[in-house]
Amino acid sequence: MNSKTPIKLLSALTLVVIGLVMAFTVSDYGVSWDETFRWSGGDAKLRYYETLFSGNLNQAAALRQQTDHYPGLFDLPLALYRKVSAAPDYLVGHAWCAFFGLLGIAGAMMLARQLSGWHAAWLAAILIALYPRYWGHSFFNPKDIPFAAAYVWGLWALARVLQTDARNARSMLLFGLLAGVCMSVRVGGLLLLCYATLFLGAQLVVNGLVLGPLTFKRQLWENARWLAGASTVALLLLLVFWPNAHQNPFGSTVDSIKEVSQFGWAGQILFAGESYAADELPRHYLPAMLARTAPDLWWWLALGCLVYLAANVRNLLRQWFTRWSVLLVVFAVCFPLAYILIRKSIVYDGARHVLFIIPPAAALLAMSSTAAYRWFKDRWSARVGLVWLVPASLLAIWTLIDMATLHPYQYIYYNRLSGGVAGANQRFETDYWGTSFREATETLRANLPVREEPWRITMEPPLEDVVARFGKPVIPPPSLVEPFLGDNIVLVRSHELPAPDFYIAIARNGYDEMRGGEPVVEIHRDGVRLAVIKSFAPAPGGANP
């Protein structure tokens, strides 16, 4: 048996177990604030394509103007399946999103294997599965998780080319397709083509120092042909899924990149106990949130890797940092962060906008950790390696317990170094997407007595208070509550008669305190209130669980 077979089997088994856990828990999650907008965006694209294929070009052109600026590789298949499926929209969407979440974990594994072998691949799968924010978002984030999965697979394909010097039609088609998939999820995937141009060019220039003029010219032509072919494949795939580009491909691409990089959302964000408009957050917001939301396990492994790097910096400069595939992944993790900080791009809701760097970062950490462990063991002793490894194992178990305790709100995780979720209470955002509306609604429904007239519930805070705070009526969408009401509760406007019996709200932005009443349901995790339902009248018998 090949010596690599056991670890390969363990890696495959780990991925299967992760997939099974995702499949068995996918139905537990509530609806996120953005999902309904992605559903409507997919429906609009589907109407456009149906009209286009029917031959009604004028009507199709009008429908194209109603589509959003996002490409539709995620949205269109979801819209098609929602149209024919009897399952609730939110469950179909969560299953489709979880599929991409699992793809991201598999992509991190394959990238780590490409960089350092199967031991790193197995560790990368563990690291990203135990990254609570990635795990939580994997079930209901239809923007950032699909992009993260496509991004890491595109990096894997490019890393293979840089590592093997394979400039053939097969590698060109593979990278072109994966880059096209990434761009067809979000046009920012164009970064992959930029990375390919930069690193293939840099590799050629460095190699050109020892190549003769004829060889250099031949390789320059091979690179140019390979890049042109891969870019053509990627852009053609993008055109298939992006209605906006059907009229003006280049103009749409430029406009979308500008809109994404400087997205003009100016909602209120809680950061370090202060409320900021999203476009006025301090420059250190993103680094601070990444530091607070990275698992303690990652910090411990990174500390050991820093010791290893510091002790071996000269050798590593010769080994790793002359490997173009490693340089690519380091750049693919660091460049987006540097760009955001330099450009002061608007980011909010924790670090969700940069979730796409988590899979390649997991691959890098896995590569470094496996090398560091071998160094500890070989240079010192196996005991020294265990001194580092045993705490890492305990921290992994600790993180797993935290994830189970927070379920199904892993995406609100804060590491123990920063005080955990309890330490973040009223200082940082917790359930900013309102997924706890589901648990609150279902708890109320299960405990309300049956009566002839349905119970009436509103999710509208006083509009004058909301407008005074935000400058406009920012109200959570009904889709966060409606799928879970059952037959005995109806959602109503706050001013409708007869008056509502209950008010349901999340803690974000103080919605839970904007109306009085007796709390009859409260949703907590780690002692932090995420959602509340208040009764406008004395609590009905049995309503308080």
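Reader: What share of the 545 residues counts as buried, and what makes a residue buried?
Author: In this predicted model, 53% of the 545 residues count as buried. Buried means under 20% relative accessible area, with a 1.4 Å probe and protein chains only. Local features need pLDDT of at least 70 and side-chain atom pairs pLDDT 80 or more, while totals for chains, interfaces and linings use all residues. Residues are numbered from 1 along each chain as its sequence is written, and side-chain values use heavy atoms, without hydrogens and water.

Reader: What share of the contacts comes from residues 24 or more positions apart?
Author: Contact means heavy atoms within 4.5 Å. Among contacts with a separation of 6 or more, such residues account for 76%.

Reader: What makes the lining of the largest pocket nonpolar, polar or charged by class?
Author: Ala, Val, Leu, Ile, Met, Phe, Trp, Tyr, Cys and Pro count as nonpolar, Asp, Glu, Lys and Arg as charged, and the others, Gly among them, as polar. By that scheme the lining has 23 nonpolar residues, one polar and no charged.

Reader: How many helices and strands are there, and what makes a run count?
Author: Helices are DSSP runs of H or I with at least four residues; strands are E runs with at least two. The protein has 21 helices and seven strands.

Key: Buried means under 20% relative accessible area, exposed over 50%, partly exposed in between (1.4 Å probe, protein chains only).
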